[in-house]
There are 2 protein chains.
Amino acid sequence: MTTPPSPSDHPSARLAEFAADLRYEDIPPAVLRRAEDLFLDSLASILAGAGAPPVQAIARYAAAMGPADGPSENLVTRTGTTPLFAAMVNAAACHVVEQDDVHNGAVFHPAAVVFPPALAVAQALGRSGRDLLTAAVAGYEAGIRIGEFLGRSHYKIFHTTATVGTLAAAVTVGHLLRLDATRMLHALGSAGTQSAGLWEFLRDAADSKQLHTAHAAAAGITAAYLARDGFTGAQRILEGAQGLAAGMSSDADPSRLLDGLGQRWALAETSFKYHASCRHTHPAADALQHVMREHGLRAADLAAVETLVHQGAIDVLGPVTAPATVHQSKFSMGTVLALIALRGHAGLTEFDAAPGDAEVAALRDKVRMTLDDEVDRAYPRRWIGKVNVTTTDGRHLHGRVDEPKGDPGNTLARPEIEDKALRLARYGGHATESEVRALIAQAWRLAEQERVGKLLSE
Amino acid sequence: MTTPPSPSDHPSARLAEFAADLRYEDIPPAVLRRAEDLFLDSLASILAGAGAPPVQAIARYAAAMGPADGPSENLVTRTGTTPLFAAMVNAAACHVVEQDDVHNGAVFHPAAVVFPPALAVAQALGRSGRDLLTAAVAGYEAGIRIGEFLGRSHYKIFHTTATVGTLAAAVTVGHLLRLDATRMLHALGSAGTQSAGLWEFLRDAADSKQLHTAHAAAAGITAAYLARDGFTGAQRILEGAQGLAAGMSSDADPSRLLDGLGQRWALAETSFKYHASCRHTHPAADALQHVMREHGLRAADLAAVETLVHQGAIDVLGPVTAPATVHQSKFSMGTVLALIALRGHAGLTEFDAAPGDAEVAALRDKVRMTLDDEVDRAYPRRWIGKVNVTTTDGRHLHGRVDEPKGDPGNTLARPEIEDKALRLARYGGHATESEVRALIAQAWRLAEQERVGKLLSE
């Protein structure tokens with residue numbers, strides 16, 4: 001005989017309880033270190049996107065509507081404000097260059113909607129670095145599972161980072177506010193009923209993506225602060241008959257909400273973005289980098305590069321033979337591999353300079369794609385990278401990676417994350433190298449900080 | 001031969017163009033006077049709801065996140081702030097007692113999401129009363145049509161006042177910001193992609209309804225201010241393949257978006273709420289009031305009252321024979337008619353005192369409902385009210401109304417609107433009678449005001 005479920009024993013309530021009760025000591029050290037990595041990665045993304053016109057517009061709006069100063073740090077303007085506006089502006093900046101992390105299963109970019117509110121509220125409340133990290137992990141674990149729950153039908157119309165982001169932000173902030181399970185569930189209710197973000201803007205290349213992360217961060221903060229003050233929300237905002245899934249998904253699976261809570265750490269399943277190009281180019285780029293390092297090759301040594309790819313790569317990248325724009329260059333296998341060989345990176349800065357670069361074009365034309373049976377069969381479960389290199393002195397060399405750089409099984413080492421942070425910040429031009437090195441140091445010692453202070457203003 | 005439509009010739013664009021181009025002189029005087037009526041009615045609703053705990057929580061949140069002063073008036077706290085927070089708090093208060101207007105076809109309460117942002121932005125920009133009225137009409141015309149467009153399927157899951165409210169608020173504010181048609185369309189795009197609000201909270205009687213109007217007002221302001229600054233949004237946020245209707249409706253009808261634009265004035269189709277009871281009691285209440293006035297009856301003259309009703313009234317109200325709570329009293333035909341006879345009104349104050357009132361209970365038990373063929377056949381197209389009254393001195397009298405009080409064909413006269421405003425404000429206890437009389441005077445001379453100033457603080 002089974003005990004009937006108590007009124008609070010439903011997925012939303014159990015997820016809220018997990019998020020409210022999560023303690024720093026519950027989280028494996030490797031997950032905490034990854035959270036620090038992602039924290040730094042998000043700061044670097046903010047600095048890279050700070051100058052973008054949509055972000056500047058949101059920053060001007062925040063200045064017009066918000067107070068002239070406050071305990072939270074607007075990293076775009078380097079001024080103090082309240083948590084609402086700091087989180088709004090920083091979240092807008094974090095997803096501009098699209099170098100922030102992604103959870104493939106949830107099709108969700110957690111960092112952009114978790115770390116800006118986490119930082120803003122931790123600064124405002126004087127919370128410790130451990131508090132910030134624990135809250136961020138709670139936000140990741142809840143948000144990724146909610147994204148998985150809403151399924152692919154949701155993502156067809158709705159921008160999951162926007163919709164789920166509202167809930168992830170609320171959980172993160174709710175944890176910093178030390179909401180109990182009851183109030184955390186109210187915060188979920190108030191967040192879910194503000195959950196919004198449509199893909200329609202893509203058709204016009206409109207600025208909505210920045211508004212989406214800004215809105216998610218702001219609405220999440222609103223939901224959590226109101227819950228702290230006793231404001232109530234729906235108990236079953238996710239799975240109820242007039243809840244989020246009922247309105248905005250046709251294949252929602254409530255079992256995903258609680259999948260492995262406390263054992264499976266979804267934060268550690270996210271991928272860092274390493275190259276700034278189309279994902280289909282990444283395995284071959286990594287394989288070329290590998291073989292060049294192994295054999296000490298320079299770009300001038302390359303006579304021909306054959307990339308062994310899956311059919312999807314040929315479908316998407318095949319038509320791009322003479323890229324004329326930055327965007328097209330990111331979809332050109334030859335350009336990506338030429339940048340790796342010539343510049344060592346296929347990052348934002350390298351792509352900005354790629355169109356019209358004769359040296360890049362010459363090397364680009366030495367690269368071709370061949371369908372490979374092993375690679376094609378493994379896709380999309382595994383993204384294997386294989387290249388055959390012919391050198392100018394007649395050698396035939398082979399390079400291979402079994403998982404693209406940045407994915408959980410081939411994650412970035414701290415020097416690579418630092419290097420990426422420096423390059424992103426340099427691209428944005430919003431912080432000096434020494435400032436970024438100080439940010440890096442703060443991220444690595446976050447767990448020792450008694451109070452999270454301002455990062456760039458002090 | 002027909003000219004092919006230009007790229008901007010789609011419903012969203014034409015609606016934006018209408019809203020941007022609307023001029024005071026285009027609007028019939030009767031519609032403008034009705035807009036003044038609705039303005040006053042919304043201020044009274046704000047004063048009635050100001051003390052409610054969810055509104056107070058949102059006001060505390062606004063105080064925590066916003067500046068300490070500003071050009072816009074938070075009517076709940078009677079302090080100055082920026083338009084964002086004034087509109088957010090006032091909108092939260094406006095829909096608490098549910099005495100604000102409703103458009104039956106769109107199932108949308110426009111005043112709560114149109115007038116708070118209109119007032120806040122007009123005060124901040126020093127706009128005239130005519131500017132405020134014109135902007136409000138633009139918001140009503142666009143919002144009601146968007147609600148009709150989204151249809152009944154939307155309303156099953158989504159709270160239309162919340163979702164459509166975001167767009168109505170953006171149009172209203174966009175008009176005050178003098179956006180051209182291009183920027184107004186961007187404002188629609190940014191508003192629609194923040195459009196949110198689920199009915200799930202009803203199951204738990206949670207506080208979300210106040211958050212919904214607050215969010216709609218805030219998101220609408222954000223969308224319009226960003227559009228003024230060049231921030232772009234989706235061109236087809238309403239009807240596009242990944243737009244609002246695609247994600248949140250299954251019976252959307254784009255032809256409704258442009259229905260009679262410039263000829264049909266949807267603002268004048270909204271109903272004032274007059275009695276604070278279930279809508280099914282209103283026709284009989286009006287018919288009783290009519291017969292009592294016609295024959296100079298007092299409550300003591302009533303020996304029996306037979307209400308002639310449609311089947312729906314019997315279904316909903318029939319089970320309520322001995323109401324014990326305020327809420328049940330609003331669903332008791334006998335209680336409603338007893339309040340009309342004894343107190344002259346069935347308003348918020350009267351209902352608060354109704355449970356346990358022996359005089360009300362005695363008269364209540366003299367009222368019965370009878371199914372009437374004419375009334376039933378006319379419903380729901382027309383809500384006819386018919387009563388047969390037997391007096392203590394043996395007369396048999398009949399009362400009849402063909403449209404409930406407050407509906408467009410039987411709208412409130414200004415003395416009735418003033419009286420309702422005074423009663424709502426008295427109920428809220430947030431303004432003195434002389435303050436409310438001053439508000440009334442300001443509403444009636446709104447079209448002559450060169451600059452909309454603060455209403456209660458000056």
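Biologist: In what order do the strands of the open sheet in chain B stand?

Modeller: In this predicted model, the order is β4-β3-β5-β6, four strands in all with mixed pairing.

Biologist: What makes β4 and β6 of chain B edge strands?

Modeller: Two strands count as paired if there are at least two bridges between them. β4 (367-371) and β6 (396-401) of chain B each have a single partner strand, so one side of each lacks a neighbour in the sheet. From one strand to the next, the twist averages 20°.

Biologist: Why are β5 and β6 of chain B called paired strands?

Modeller: The cut-off is at least two bridges, and β5 (residues 385-391) and β6 of chain B are joined by 6 bridges in the antiparallel sense, so they qualify as a pair. As for individual residues, Thr390(B) is placed opposite His396(B) of β6(B).

Biologist: Which strands of chain B does helix α11 touch?

Modeller: Helix α11 (residues 282-295) of chain B packs on the sheet and touches β3 (302-309), β5 and β6, its direction making about 125° with that of β6(B). Helix α14 (residues 333-343) of chain B lies across β3 and β4, at about 125° to β3(B).

Biologist: What is the strand order of the open sheet in chain A?

Modeller: Chain A has an open sheet of 4 strands, ordered β4-β3-β5-β6, and its pairing is mixed. The edges are β4 (367-371) and β6 (396-401) of chain A, each having a single partner strand, so one side of each is without a neighbour in the sheet.

Biologist: How do you know that β3 and β5 of chain A pair?

Modeller: The requirement is at least two bridges; β3 (residues 302-309) and β5 (residues 385-391) of chain A have 6, in the antiparallel sense, and therefore count as a pair. Leu302(A) has Thr391(A) as its bridge partner in β5(A).

Biologist: Why is the link between Asp229(A) and Arg60(B) called a salt bridge?

Modeller: The rule asks for a side-chain nitrogen of Lys or Arg within 4 Å of a carboxyl oxygen of Asp or Glu.

Biologist: How many residues does each chain bring to the contact?

Modeller: Chain A and chain B each contribute 57 residues. Together they bury about 4,600 Å², with 63% of it on carbon and sulfur atoms. Tyr61(A), Met65(A) and Gln242(A) supply 16% of the area that chain A buries against chain B, more than any other three residues.

Biologist: What makes Glu36(A) and Arg414(A) a salt bridge, and which parts does the pair tie together?

Modeller: The N to O distance between their side chains is 2.9 Å, and the limit is 4 Å, so the pair qualifies as a salt bridge. Glu36(A) belongs to helix α2 (residues 29-49) and Arg414(A) to helix α18 (residues 414-428), both of chain A, so the pair ties together parts that are 378 residues apart in sequence. Over all chains, the whole structure has 60 salt bridges.

Key
Residues numbered from 1 in each chain as written. Chains lettered and ligands numbered in written order. Predicted model: local features only at pLDDT ≥ 70, side-chain atom pairs only at ≥ 80, totals over all residues. Heavy atoms only, no water. Helix = DSSP H or I, 4+ residues; strand = E, 2+ residues; numbered from the N terminus. Contact = heavy atoms within 4.5 Å. Buried area = accessible area lost by both parts, 1.4 Å probe. Axes fitted to C-alpha atoms, helices over the stretch in contact; angles between N-to-C directions.
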